[in-house]
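Here is a friendly briefing on the side-chain interactions of one protein chain. Have the model open as you read, and follow the topics one by one.

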Amino acid sequence: MRRRWDAAAVGWEAEQETVTAFTAPVADALIVALEPQPADTVLDLAAGTGDVTEALAGRVARVISTDLSPVMVDAARRRGVAGVEHRVMDMQAIDLPDASVDAVVSRFGYMLVAEPERAFSETRRVLRPGGRLAFATWAPAKQNPWATAYGPVLIERGLMEPPNPDEPGQFSLSDPDRIEALVRAAGFDELSIIEVPVVFRAAGWAEYRRVVSALAAVMREVLERLDAKERAEVDERAKARLQPFRSDNGYALPGLALVTTAR
């Protein structure tokens, strides 16, 4: 997992502005849910290149921005945001004392760990009494056409294995019932889940392909192994899947995130 995200980090940093704009409604919803206070210490888990970290930094006393990938941590550090401590950290084994932070936030992190039970338990451990948790995951794939142009085509052609719902992945925590069970098992009592719509915009196919392949390291590696003819065929099939979302202004591809708040 660390090697995968090290490989993806270059693309995430290169497409940082696009990612920030696309996921801005999610970041906004997380911050509202977190209710940050000026004296708070906030732990950002799986912070990536630091979008949510930066949004929080001016609102609280201290942000601890973490990621499993050292390359992601370096990318977040290069943003130069004041009041932030950057650390390489596994959210399944949080290297902080018990009851040491006021709030924990994570944008699209918990769905990517092998043992989310451990990650939520560790989160509960480091939160002070009354501490707040806010995290985002993606709703099911069928509600996220922006992310599902290439995957089905590659699977149909035997170039990728179908996702295993029991393994980490983009849609592994898309079921609100499973989210609630995991969060309550970790010791959280108050819980709410809201839906947050997003729209991925691209001026044309070339931009969409560039951004998506930059963010998805595994998919990019598969595409790069194909010869020119097969790559063109895959592109055409993927492009056809997005045709319903195309207009004269380019693509407007819908998506849906889930933002969970717990105490």
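Let's begin with Asp51, which is buried at a relative accessible area of 7%; buried means under 20%, exposed over 50% and partly exposed in between, with a 1.4 Å probe and protein chains only. This is a predicted model, in which local features need pLDDT of at least 70 and side-chain atom pairs count only at pLDDT 80 or more, while totals for chains, interfaces and linings use all residues. Residues are numbered from 1 along each chain as its sequence is written, and side-chain values use heavy atoms, with hydrogens and water left out.

**Asp51 and its surroundings**

- Asp51 lies in helix H4; helices (H or I, at least four residues) and strands (E, at least two) are DSSP runs, numbered from the N terminus.
- With neighbours within four places in sequence set aside, Asp51 is in contact with Gln16, Val19, Thr20, Thr23, Arg79 and Arg107, where contact means heavy atoms within 4.5 Å.
- One of these residues, Thr20, makes a side-chain to side-chain polar contact with Asp51 at 2.9 Å.
- A polar contact is a pair of N or O atoms within 3.5 Å; within protein, one must be able to donate a hydrogen and the other to accept it, and residues adjacent in sequence count only if both atoms are side-chain atoms.

**Salt bridges**

- The structure has 21 salt bridges, each being a side-chain nitrogen of Lys or Arg within 4 Å of a carboxyl oxygen of Asp or Glu.
- Which residue meets the side chain of Asp51 in a salt bridge at 3.0 Å, N to O? That partner is Arg107.
- This pair links distant parts of the chain, with Arg107 in strand S4 (residues 101-107) and Asp51 in helix H4 (residues 51-57), 56 residues apart.
- Arg107 is buried, at a relative accessible area of 10%, and Asp51 is buried as well, at 7%.
- Salt bridges join Asp51, Glu54, Arg79 and Arg107 into a network.
- In helix H8 (residues 176-185), Glu180 and Arg184 are four residues apart, which means that about one helical turn separates them.
- The side chains of Glu180 and Arg184 form a salt bridge at 2.8 Å, N to O.
- Glu180 counts as partly exposed at 30% relative accessibility, and Arg184 counts as partly exposed at 39%.
- Glu85 and Arg87 also form a salt bridge, and their closest N and O atoms are 3.9 Å apart.
- Glu85 is partly exposed, with a relative accessible area of 27%, and Arg87 is partly exposed too, at 21%.

**Aromatic rings**

- The whole structure contains 13 aromatic pairs.
- Rings of Phe, Tyr and Trp (its six-membered ring) pair if their centres lie within 6.5 Å; planes under 30 degrees apart count as stacked, over 60 as edge-to-face and the rest as tilted.
- Among the pairs is an edge-to-face one between Phe22 and Trp146, at 4.8 Å centre to centre and 70° between the planes.
- Phe22 lies in helix H2 (residues 16-22) and Trp146 in the loop between strand S5 (127-138) and helix H7 (150-156), so the pair ties together parts 124 residues apart in sequence.
- Phe22 is buried, with a relative accessible area of 8%, as is Trp146, with 10%.
- Tyr150 and Trp205 form a tilted pair, at 5.8 Å centre to centre with 45° between the planes.
- That pair also links distant parts of the chain: Tyr150 is in helix H7 and Trp205 in helix H9 (residues 205-215), 55 residues apart.
- Tyr150 and Trp205 are both buried.
- Ring pairs connect Phe22, Phe108, Trp138, Trp146, Tyr150, Phe200, Trp205 and Tyr208 in a cluster.

**A charge over a ring**

- The charged end of Arg124 sits over the ring of Phe188, 4.7 Å from its centre.
- The rule here asks for NZ of Lys or CZ of Arg within 6 Å of the ring centre and within 35 degrees of the ring normal.

**Positive phi values**

- Glu35 has a phi near 50°, a positive value in a residue other than glycine.
- Glu35 is found in the loop between helix H3 (24-34) and strand S1 (41-44), and is partly exposed at a relative accessible area of 41%.
- Ala99, another residue other than glycine, has a positive phi near 50°.
- Ala99 is found in the loop between strand S3 (84-88) and S4, and counts as partly exposed at 35% relative accessibility.
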